[in-house]
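Subject: Structure handover

Hello,

Here is the structure I said I would pass on.

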Amino acid sequence: MRNALIFNIPNWDPTNSTLIPSDSLQSWAIDHATGALTFNQNAPAGGSYPRQFSVNRDGSLAAVGLQYSASVAIIQRNVTDGTFGDFIAEIGIHGQITSVIFDD
């Protein structure tokens with residue numbers, strides 16, 4: 001969810017104890033017989049205003065473009081149920097991010 005800073009996550013800089021406000025990412029399950037959606041998870045996106053995310057080829061990682069944070073967060077992803085796990089990395093990017101793409 002964009003522009004709803006409902007999480008506070010540890011700072012990417014381990015020497016800085018200031019928490020980072022974070023919007024959320026949601027994961028849903030789809031019933032393949034009926035098309036019905038079931039809510040699975042509300043997870044931190046890694047910063048402010050997640051504009052878009054992409055999943056790597058094997059589905060184990062998600063790269064999240066954070067427009068207002070001007071960064072990209074890499075998050076573990078469960079390939080079975082689509083839920084998000086631990087943060088793997090973050091990189092600051094000059095300007096506002098509008099999309100991210102895995103090229104693997």
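The notes below go from the whole chain to the strands, the loops and the surface.

Please keep in mind that this is a predicted model.

Overall make-up

The protein chain has eight strands and zero helices. Read from the N terminus, its elements run β-β-β-β-β-β-β-β. The radius of gyration is 14 Å, close to the 13 Å that the globule rule gives for 104 residues, so the chain is as compact as a globular protein of that length. The C-alpha trace spans about 50 × 30 × 25 Å along its principal axes. As for burial, 34% of the 104 residues count as buried.

The four-stranded sheet

Strands S5, S6, S7 and S8 form an open sheet in the order S5-S6-S7-S8, with antiparallel pairing. Which strands stand at the edges? They are S5 (50-55) and S8 (84-92); each has a single partner strand, so one side of each is left without a neighbour in the sheet. On average, neighbouring strands of this sheet are turned by 25° against each other, direction ignored.

Within the sheet, S7 (residues 71-77) pairs with S8 over six bridges, in the antiparallel sense. Two facing pairs can be picked out: Ser 71 stands opposite Gly 92 in S8, and Arg 77 stands opposite Phe 84 in S8. S7 and S8 form a hairpin with six residues between them, and Gly 82 in the turn has a positive phi of about 80°.

Arg 77 itself lies in strand S7. With a relative accessible area of 24%, Arg 77 falls between the 20% and 50% limits and therefore counts as partly exposed. Arg 77 and Ala 89 are 12 residues apart along the chain, and their C-alpha atoms are separated by 13 Å.

S3 and S4 run antiparallel and are joined by seven bridges. One of the facing pairs here is Ser 24, which stands opposite Pro 44 in S4. The hairpin of S3 and S4 has six residues between the strands, and Gly 35 takes a positive phi near 80°.

Trp 28, Ile 30, Leu 37 and Phe 39 form a nonpolar patch on the surface, and together they have about 430 Å² of accessible area. The elements that give two or more residues to the patch are strand S3 (24-30) and strand S4 (37-44). On the numbering, the patch residues Trp 28 and Ile 30 fall in S3, while Leu 37 and Phe 39 fall in S4. In a regular strand the side chains alternate between the two faces of the sheet. Trp 28, found in strand S3, is partly exposed, with a relative accessible area of 42%.

Loops and backbone angles

Most residues other than glycine have a negative phi.

- Tyr 49 has a phi near 65°, a positive value in a residue other than glycine. Its place is in the loop between S4 and S5. At 16% relative accessibility, under the 20% limit, Tyr 49 counts as buried.
- Ala 70 has a phi near 50°, again a positive value in a residue other than glycine. Ala 70 is found in the loop between strand S6 (61-66) and S7.

Another loop to look at is the one between strand S1 (7-9) and strand S2 (20-22), where Trp 12 is found. Is Trp 12 buried, exposed or partly exposed? Trp 12 is partly exposed, with a relative accessible area of 27%. The C-alpha atoms of Trp 12 and Ala 73 are separated by 9.9 Å, although the two residues are 61 apart along the chain.

Asp 103 has its place in the segment after S8. Its relative accessible area is 79%, over the 50% limit, so Asp 103 counts as exposed. Asp 103 and Val 55 are 48 residues apart along the chain, and their C-alpha atoms are separated by 9.9 Å.

Regards

Note on methods. Residues numbered from 1 in each chain as written. Predicted model: local features only at pLDDT ≥ 70, side-chain atom pairs only at ≥ 80, totals over all residues. Heavy atoms only, no water. Patch = residues over 30% accessible without salt bridge, like charges linked within 9 Å, V, L, I, M, F, W, Y side chains within 5 Å. Areas by Shrake-Rupley, 256 points an atom, 1.4 Å probe, with all protein chains shown as cover. Salt bridge = Lys/Arg side-chain N within 4 Å of Asp/Glu carboxyl O. Buried < 20%, exposed > 50% of the residue type's maximum accessible area, 1.4 Å probe, protein only. Pairing = 2+ DSSP bridges. Axes fitted to C-alpha atoms, helices over the stretch in contact; angles between N-to-C directions. Rg over C-alpha atoms; globule rule 2.2 N^0.38 Å.
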